[in-house]
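Hi everyone, thanks for coming. Please have a look at the sequence and the model on the screen, and then I'll walk you through a few details.

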Amino acid sequence: MTTTLLRKQLQKLSLTGFIVPRTDEYQNEYIAPYAERLSRVSGFTGSAGLGLVLMDSAVLFVDGRYLLQAQNQVDKTQFIIDDFTDNSIATRLKKQIKPNDRIGYCPELHTKQSLKTFLKSSNELGFKLVAVSKNPIDQSWQDQPERPTSKVVEHPLCYVGLNSVLKCQNISAQIKDAGTCLLYTSPSPRD
């Protein structure tokens, strides 16, 4: 997929841009092929990055580990490659986004902290952050791989210390004591 297909989806949604994190809905470092949205749009396959695709430009943010890789993988006529620091993102947003722009994001792919950063920039620069109900990349990704359906595998006791029943009982007791709840999940790499 090129940025062209994404931009067609953005037009349908009346958006002027879209934030593309390199993560899945569980915030995993290792993500399944169906969640490789940043790679699908940009060609970048590193494990940390963020894309901002606007109607007339696109930026790929990576940290120092991936600058050379990004230079080799990404079409530089389509993407500007920039540093991943928060300061750099804010600086780039000031250069690229205009007041009243509507920048979309998929809520399930962002942490509270990352959205806080974008909301701060949104308030300062006057653009609107728009949560989408369906990811526009998924909407135009014809051959998107299926989500994994592998079974949970229990590790042998010699590797984990306690069996799963005792671990669950310990976690339940801690949750009860804290008066809160917990959801934890992480698929195995490339499962």
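Let me start with a question: which residue forms a salt bridge with Asp138? It's Arg37, and the closest N and O atoms of the two are 2.8 Å apart. A salt bridge here is a side-chain nitrogen of Lys or Arg within 4 Å of a carboxyl oxygen of Asp or Glu. This pair links distant parts of the chain, with Arg37 in helix α2 and Asp138 in helix α6, 101 residues apart. Arg37 is buried, with a relative accessible area of 2%. Buried means under 20% relative accessible area, exposed is over 50%, and partly exposed is in between, using a 1.4 Å probe and protein chains only.

Before I go on: this is a predicted model, where local features need pLDDT of at least 70, side-chain atom pairs count only at pLDDT 80 or more, and totals for chains, interfaces and linings use all residues. Residues are numbered from 1 along each chain as its sequence is written, and side-chain values use heavy atoms, leaving out hydrogens and water.

Now the overall picture. The chain has eight helices and six strands; these are DSSP runs, numbered from the N terminus, with H or I for helices (at least four residues) and E for strands (at least two). Buried residues make up 39% of the 191 residues.

Back to the salt bridges, which come to six by that rule. In another one, Glu25 meets Arg147, at 2.4 Å from N to O. Glu25 lies in the loop between β1 and α2 and Arg147 in the loop between α6 and α7, so the pair ties together parts 122 residues apart in sequence. Glu25 counts as buried at 18% relative accessibility, while Arg147 is partly exposed at 42%.

Then there's Arg92 with Asp82, at 3.1 Å from N to O. Arg92 sits in helix α4 and Asp82 in strand β4, so this pair ties together parts ten residues apart in sequence. Arg92 is buried at 14%, and Asp82 is buried too, at 15%.

Last stop, helix α8. How far apart are its end C-alpha atoms? They are 21 Å apart, which agrees with the span its 15 residues should have; the expected span is 1.5 Å times one less than the number of residues. At the N-terminal end, Asn163 caps α8, with a side-chain oxygen 3.0 Å from the backbone nitrogen of Val165. After α8 comes Gly179, whose phi is positive, near 65 degrees.

Definitions and conventions. A polar contact is a pair of N or O atoms within 3.5 Å; within protein, one must be able to donate a hydrogen and the other to accept it, and residues adjacent in sequence count only if both atoms are side-chain atoms.
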